[in-house]
Amino acid sequence: MTLFFSRRALNTRTNTFTNNMSSLTRYVSVQGQRPDGKWSSHLLERDAFVAAARAEAQSDDVLIYVHGFNTKQRDMLARHKLIEDGLRGQGYSGAVISFDWPSRGKTSAYGRDLRMAGKVGKYLVEGGILPMLESTWKPRVHLMCHSMGAFITLDGFARFGDTNGPGTGAWKVDQILLASGDAHRRDFEKGTAGALVLRHHAKRLTNYYSNDDEVLTLAVAYHGKPRVGLSGMPDLVFGEHIDVYATERYRHIKPSFPNNTAEQLYSHRWWFEDTRFFEDASLTIAGGAADGLPTRTRTNLGTLALKP
């Protein structure tokens, strides 16, 4: 069973999700594909969704995958399965759910998706994180954010104060993992508003980045600002915010490509096909010490890197 919550509008006539924004969050359980190739799914109430996630978990952990731009719903579902299989293969036993937002699923729609991403971050927190934290289950909530999902998370966290969460203290997720994060590098510098809000609402942030990410190279040209998934975080960051250099790992596993477009896309999405990344992610979610994981080594500058 695949679980996700969505802000895509639902066409009730065809019972299919569109690429437009919905006025409400819908919770979905997917049982699999029918013979006609369409997904067999059911809408759930919020509490039933939390209960379904708890039933899927063999531990008190839930990981929320936040996809990036150029992602159709069927692509989100396919990547959800890669993440779930990859983590389970490395010992993760918690639930995996996804936040589905209305990306158009076209490389030419970057600007449109970016505008949409600026509207959906609050629903990641309001519709997914807080219902888990407010439930009687009270799991450890983790995020895996790819590409523009990093910006969505940063923006969403900034929109919620402490009083929006359960209890009297600050609401807090456990681990945030960014892969190919499409967010401004400077927003993670120690003392900036972005870094402060992430530190306040997360136990630890791990940023996986590759200098060979060709999609983020294009994003730099669009924004005129360095991206955290391409260049890493600034030199001055909070101690709970960890950079993991992955360029050499990418070069080690990179296959040959039939064309430039295939290479470009792979350089941005290879994480979901890499056993080393999932092993490192599983150990990170489990709370392993950043500088003590067997999946990591040191660069010649002394910083952390995925082993090639």
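Lysine 81 and aspartate 85 both belong to helix α2, where four residues, about one turn of the helix, separate them. In this predicted model, the two side chains form a salt bridge whose closest N and O atoms are 2.6 Å apart. An α-helix has 3.6 residues a turn, so residues three or four places apart point the same way. Aspartate 85 has a relative accessible area of 44% and is therefore partly exposed.

Helix α2 covers residues 73-88. The buried residues of α2 are Gln73, Met76, Leu77, Arg79, His80, Ile83, Glu84, Gly86 and Leu87.

**Salt bridges**

Side chains of opposite charge can pair when their charged atoms come close. Across the whole structure, a search finds 14 salt bridges. Some of them are listed below.

| Pair | N to O distance |
|---|---|
| Lysine 81 and aspartate 85 | 2.6 Å |
| Aspartate 61 and arginine 140 | 2.9 Å |
| Arginine 112 and aspartate 113 | 3.1 Å |

The side chains of aspartate 61 and arginine 140 meet in a salt bridge. Aspartate 61 is part of strand β4 (residues 61-66) and arginine 140 is part of strand β6 (residues 140-146), so this pair ties together parts that lie 79 residues apart in sequence.

Arginine 112 counts as buried because its relative accessibility is 15%, under the 20% cut-off. Aspartate 113 likewise counts as buried, with a relative accessibility of 0%.

**Packing of helices α1 and α3**

Helix α1 (residues 46-56) and helix α3 (residues 110-134) have axes that come within 10 Å and cross at roughly 75 degrees. The two helices are therefore roughly perpendicular, since angles of 65 to 115 degrees fall in that class. Which residues make the contact? From α1 the contributors are Arg46, Phe49, Val50 and Ala53, and from α3 they are Pro131, Met132 and Glu134. By class, the contact contains five nonpolar and two charged residues, with no polar ones.

Note on methods:
Residues numbered from 1 in each chain as written. Predicted model: local features only at pLDDT ≥ 70, side-chain atom pairs only at ≥ 80, totals over all residues. Heavy atoms only, no water. Axes fitted to C-alpha atoms, helices over the stretch in contact; angles between N-to-C directions. Parallel < 35°, antiparallel > 145°, perpendicular 65-115°, else oblique. Contact = heavy atoms within 4.5 Å. Nonpolar A, V, L, I, M, F, W, Y, C, P; charged D, E, K, R; others polar. Expected span 1.5 Å × (residues − 1). Buried < 20%, exposed > 50% of the residue type's maximum accessible area, 1.4 Å probe, protein only. Salt bridge = Lys/Arg side-chain N within 4 Å of Asp/Glu carboxyl O.
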